[in-house]
Amino acid sequence: MARAQLALLVVCSLVLALTVAGQRPPKYRKLVRCNSRHLYRKCKDFMYCPARCPRSCYVDCETCKPICVCNAPGAVCGDPRFIGGDGITFYFHGRKNQDFCLFSDSGLHINAHFIGKRDPTMTRDFTWVQAIALLLDDHRLYVGAQNTATWDDAVDRLMITFDGERVQIPTKEGAKWQPSSARAVSIVRTSTANAVTVEVEGKLKITLNAVPITEEESRVHSYGVTKDDCIAHLELGFKFYSLSPDVDGVLGQTYREDYVSRVDVTKNMPVMGGADKFFVSDMFSADCAVSRFGREAGGIAMPVEHEDVKCSSGMGGRGIVCKK
């Protein structure tokens, strides 16, 4: 049986099972399953993402439950809400139409482009991460959500380039692309549209989902979304395999063993300031004040294993992923 036919059969079987059980299949929720070969027999069924993260989740293979990407260490979602490697949640608003470094290490640097809307009743912009750029030694990778007026889950709105060339990946789940000039880099579609994982062997894995601001979100938060722009943006989940002790950036600094958070966690919206030191002149520059890119790594790379590691779930201590 062809792979596509098999996948269709699995989905149809799941829908039938839910219908028989008296449940209606949830609308607009992504189907996910455990990716661990070791635990696949224990947790092999497809399941829907939770309602609070209908498009952005993965399966914790140990508990066999779907977990929201935006609720794990390394998450960057919404009006940017971060969860640091230390597990502390904070907001970093940056400034609309400007770029900031999220992560900077000796051989890897990650910038984010912020888009936004101004609420005249507030002193700051509402902002979201529209795109990220990875500087990988001599290579440059860009992934962004394209501007669109009306959102359609079936239409892919991701723009991906590698070293300035457009990357075309077949629109089917599991489709994989690797550049011939950098075989350590791979991009895999986790859905037929608007969702990929980017992995750099030995360095990191990023879960990326392009999503819109819904009418309900706009109403609740007064975002002021208009019919000509649904504010397509990225929801991101970072997992790191190894880091130098000198890592920095809005998110990167929270992975240092000596890092102590200065955000006021007693507030409803603990905000990290210091936007100026994270500012970069453009998406492919590593000129922020805290840049570590291109420097020799100081000391020994942080170990992968920590006491609170849960290797079966794929997430290690301080947001570091376990190697298989």
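How many bridges join strand β11 (residues 139-145) to β12, and in which sense do the two strands run? They are joined by 5 bridges and run antiparallel. Strands pair if DSSP finds at least two bridges between them.

The model is predicted: local features need pLDDT of at least 70, side-chain atom pairs count only at pLDDT 80 or more, and totals for chains, interfaces and linings use all residues. Residues are numbered from 1 along each chain as its sequence is written, and side-chain values use heavy atoms, with hydrogens and water left out.

**Overall make-up**

The chain has 3 helices and 19 strands. Both are DSSP runs numbered from the N terminus, helices being H or I with at least four residues and strands E with at least two. Of the 324 residues, 49% are buried, where buried means under 20% relative accessible area, exposed over 50%, and partly exposed in between (1.4 Å probe, protein chains only). A contact means heavy atoms within 4.5 Å. Among contacts with a separation of 6 or more, 51% are between residues 24 or more positions apart. The accessible surface of the chain is about 16600 Å², and carbon and sulfur atoms contribute 51% of that. Accessible areas come from the Shrake-Rupley method with a 1.4 Å probe; for residues, only the protein chains shown count as cover.

**Strand β12 and its partners**

The hairpin of β12 and β13 has 2 residues between the strands, and Asp 163 takes a positive phi near 50° in it.

**Disulfides**

A disulfide is a covalent bond between the sulfur atoms of two cysteines. In this model a disulfide is taken as a pair of cysteine sulfur atoms within 2.5 Å, and the structure holds 5 of them. With the bonded cysteines numbered in sequence order, the pairing is 1-6, 2-7, 3-5, 4-8, 9-10. The table gives some of the links.

| Pair | S to S distance | S-S torsion |
|---|---|---|
| Cys 49 and Cys 57 | 2.0 Å | about -85° |
| Cys 53 and Cys 68 | 2.0 Å | -80° |
| Cys 70 and Cys 77 | 2.0 Å | about -90° |

The link of Cys 53 and Cys 68 is left-handed. Cys 53 lies in the loop between β2 (47-48) and β3 (57-60) and Cys 68 in strand β4 (residues 65-68), so this pair ties together parts that are 15 residues apart in sequence. Cys 53 is buried at 6% relative accessibility, and Cys 68 is buried at 3%. The torsion of Cys 49 and Cys 57 also makes a left-handed disulfide; Cys 49 has a relative accessible area of 1% and Cys 57 one of 8%. Cys 70 and Cys 77 are both buried, and their disulfide is left-handed.

**Ser 285**

Ser 285 lies in the segment after β19 (279-280). With 14% relative accessibility, Ser 285 counts as buried. Its side chain makes a polar contact of 2.9 Å with the side chain of Asp 282. A polar contact is a pair of N or O atoms within 3.5 Å; within protein, one must be able to donate a hydrogen and the other to accept it, and residues adjacent in sequence count only if both atoms are side-chain atoms. Leaving aside neighbours within four places in sequence, Ser 285 is in contact with His 109, Asn 111, Leu 135 and Val 280.
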